[in-house]
Amino acid sequence: QAQLVESGGGLVQAGGSLRLSCAASGGPFSTYTFSRYTVGWFRQAPGKEREFVAGIRLSAIRDYAESVKGRFTISRDSAKNMVYLQMNSLKPEDTAVYYCAAGTSQYDYWGQGTQVTVSS
């Protein structure tokens, strides 16, 4: 059964950094196939719609929301079935539950999320 598990969330002061990790396992996520999936990070703040944060296609095609460009970096380690989101210069408005998702033509698989709280 396919599974995505996020980790690395927590409480940080404004200006600080966190690195989120997304571990893929089971189902279609073998070491040789996970690299074919587009993986994205999304977030949802209380009372707001879920929004796209960053995505990576193949090994090096990256997309970012305007609000995080220059501060967040998405990367993947296909050998370990891992995708990371390095978040620097965090702002209180980055506070949200962050989700990892994977898919081919659409995001079919979702993790449970990890909470990120940025204090001012």
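## An aromatic cluster

Phe29, Phe34, Tyr37 and Tyr109 are joined into a cluster by ring pairs. Keep in mind as you look around that this is a predicted model. Across the whole structure, a search turns up eight aromatic pairs. Take the pair of Phe29 and Tyr37: the ring centres are 5.1 Å apart and the planes stand at 80 degrees, so this is an edge-to-face pair.

Are these two partners buried or exposed? Phe29 has a relative accessibility of 4%, so Phe29 counts as buried. Tyr37 has a relative accessible area of 13% and is buried as well; the cut-off for that label is under 20%.

## Arginines over rings

Two arginines are worth a look beside aromatic rings. Arg19 lies over the face of Tyr84, 4.1 Å from the ring centre. For Arg50 the ring belongs to Trp110, and Arg50 lies over its face at 3.9 Å from the centre.

## Salt bridges

How many salt bridges does a search of the whole structure find? The search gives five. One of them brings together the side chains of Arg43 and Glu51, with 2.6 Å from N to O. The two partners can be described one at a time: Arg43 is buried, at 6% relative accessibility, whereas Glu51 is partly exposed, with a relative accessible area of 35%.

Another salt bridge joins Glu66 and Lys69, whose closest N and O atoms are 2.8 Å apart. Glu66 is exposed, with a relative accessible area of 62%, while Lys69 is partly exposed at 45%.

## A link between two loops

Asp94 and Arg71 also form a salt bridge, and here the closest N and O atoms are 2.7 Å apart. Which parts of the chain does this pair link? Asp94 sits in the loop between β8 (82-87) and β9 (96-103), and Arg71 sits in the loop between β6 (61-64) and β7 (72-77). The two residues are 23 residues apart, and the pair links distant parts of the chain. Both Asp94 and Arg71 are buried.

If you select Arg43, Glu51, Arg71 and Asp94 together in your viewer, you will have a network of salt bridges in view. The Arg43 and Glu51 pair described above belongs to this network, as do Arg71 and Asp94.

Thr38 has its place in strand β4, which covers residues 38-44. Thr38 is buried, because its relative accessible area is 17% and the limit for buried is under 20%. Which residues does Thr38 contact, leaving aside its neighbours within four places in sequence? They are Ile56, Arg57, Ala101, Ala102, Gly103, Thr104 and Tyr107.

Ser119 lies in strand β11, which covers residues 114-119. With a relative accessible area of 27%, Ser119 is partly exposed. Beyond its neighbours within four places in sequence, Ser119 is in contact with Leu11, Val12, Gln13 and Ala14. Ser119 can also be placed relative to Asp94, the salt-bridge partner of Arg71: Ser119 and Asp94 are 25 residues apart in sequence, and their C-alpha atoms are 9.8 Å apart in space.

Terms used
Residues are numbered from 1 along each chain as its sequence is written. This is a predicted model: local features need pLDDT of at least 70, side-chain atom pairs count only at pLDDT 80 or more; totals for chains, interfaces and linings use all residues. Side-chain values use heavy atoms; hydrogens and water are left out. Rings of Phe, Tyr and Trp (its six-membered ring) pair if their centres lie within 6.5 Å; planes under 30 degrees apart count as stacked, over 60 as edge-to-face and the rest as tilted. Buried means under 20% relative accessible area, exposed over 50%, partly exposed in between (1.4 Å probe, protein chains only). A charge sits over a ring if NZ of Lys or CZ of Arg is within 6 Å of the ring centre and within 35 degrees of the ring normal. Helices (H or I, at least four residues) and strands (E, at least two) are DSSP runs, numbered from the N terminus. Contact means heavy atoms within 4.5 Å. A salt bridge is a side-chain nitrogen of Lys or Arg within 4 Å of a carboxyl oxygen of Asp or Glu.
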